[in-house]
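I opened this notebook to record what I looked up in one structure.

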Amino acid sequence: MSVPTSLDVEQARPRLRELTVVDVRTPGEFASGHLPNALNVPLDRLVRSLPELRPAADRSPLLIVCDASGARSDSAVRTLSSHGIPASSLAGGTEAWAAGGHALEYPGGGARPRAVWAMERQVRLAAGSLVLLGLLLGLLLHPAFSLLSAAIGGGLVFSALTGTCGMAVVLGRLAFNRRGAGVRP
């Protein structure tokens, strides 16, 4: 079965009941609002979840969702495709869905919890802070501390070239990115 690699909000909305929505953001991001009936399978757990996702894809097409950048959903679509599971990415992600005036759900059906920053924003804050810290310590204590800034810069280049991000994996394991999401499957 051939499925498009990307759907925009207006293409996905009328088909939402026939799609299995898989949100690949961290549980903390998922808890800050997600598409109706979405399953939370963080990108770092995607390969481990293939046994559950394969039958879901056989029942209905998969729609993969992340934040506005689409980097994680595009990566998930490529990973699923390499394992023979067709899937589409939601262009613009959860942010485009909400911007289109469509409702988001929250775990437990409760009120909107305190929002967790998108992973990309968390990575930018952590990387920028570490670069500044390395430069400051290099000026004040010892020039060798400047190597911290070089290491972060090298990590960012590696991340851009490979489409992976070790810092995002580490940040995704922090408690505020894990709380209250009710992870399924």
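**Entry 1: Basis.** I noted that this is a predicted model, in which local features need pLDDT of at least 70 and side-chain atom pairs count only at pLDDT 80 or more, while totals for chains, interfaces and linings use all residues. Residues are numbered from 1 along each chain as its sequence is written, and side-chain values use heavy atoms, with hydrogens and water left out.

**Entry 2: Overview.** I found 8 helices and 5 strands in the protein. Helices (H or I, at least four residues) and strands (E, at least two) are DSSP runs, numbered from the N terminus. Read from the N terminus on, the elements run β-α-β-α-β-α-β-α-β-α-α-α-α. Along the principal axes, the C-alpha atoms fill a box of roughly 60 × 40 × 25 Å. Of the 185 residues, 40% count as buried. Buried means under 20% relative accessible area, exposed over 50%, and partly exposed in between, with a 1.4 Å probe and protein chains only. I also looked up contacts, meaning heavy atoms within 4.5 Å. Among contacts with a separation of 6 or more, 70% come from residues 24 or more positions apart.

**Entry 3: The sheet.** In what order do the strands of the open sheet lie? I read the order β1-β5-β4-β2-β3, with parallel pairing of the 5 strands. Two strands pair if DSSP finds at least two bridges between them. The edge strands are β1 (6-7) and β3, each of which pairs on one side only.

I then followed the bridges strand by strand. Strand β2 (residues 20-23) is joined to β4 by 4 bridges, and the two run parallel. Threonine 20 stands opposite leucine 62 in β4, and valine 21 stands opposite leucine 63 in β4. β2 also pairs with β3 in the parallel sense, over 2 bridges; there, valine 22 has leucine 39 as its bridge partner.

**Entry 4: Faces of the strands.** In a regular strand the side chains alternate between the two faces of the sheet. In β4, I saw Leu62 and Ile64 on one side and Leu63 and Val65 on the other, all buried. In β2, Thr20 and Val22 point one way and Val21 and Asp23 the other way, and all are buried.

**Entry 5: The cores.** A nonpolar core is a set of buried Ala, Val, Leu, Ile, Met, Phe, Trp, Tyr and Cys residues joined through side-chain atoms within 4.5 Å. Which members of the largest core touch the most other members? They are Val22, Leu62, Ile64 and Leu80, out of 16 residues. At least two residues each come from α3 (50-59), β4 (62-65) and α4 (71-82). α3 gives the most to this core, with 4 residues. Apart from this core lies another, of 13 residues, including Val21, Phe30, Leu35 and Leu63.

I checked leucine 62 separately. Leaving aside neighbours within four places in sequence, the contacts of leucine 62 include Thr20, Val22, Leu53, Leu80 and Ile85.

**Entry 6: A helix pair.** Two packed helices are described by the angle between their axes and the distance between the axes. α6 and helix α7 (residues 146-162) pack at an angle of about 155°, with their axes 6 Å apart. Axes are lines fitted to C-alpha atoms, for helices over the stretch in contact, and angles run from 0 to 180 degrees between N-to-C directions. α6 and α7 are therefore roughly antiparallel to each other, a term for angles over 145 degrees. Residues that meet across the pair include Leu130 and Leu133 in α6, and Leu148 and Ile152 in α7.

**Entry 7: Two loop residues.** Glycine 100 is in the loop between α5 (93-99) and α6 (119-140). Glycine 100 is partly exposed, at a relative accessible area of 41%. The C-alpha atoms of glycine 100 and glutamate 10 are separated by 8.5 Å, although these residues are 90 residues apart along the chain.

Asparagine 37 is in the loop between α2 (27-31) and β3 (39-40). Is asparagine 37 buried or exposed? Asparagine 37 is exposed, with a relative accessible area of 62%. I also noted a positive phi of about 60° for asparagine 37, which is not a glycine.

Note on methods. Angles under 35 degrees count as roughly parallel, over 145 as roughly antiparallel, 65 to 115 as roughly perpendicular and the rest as oblique.
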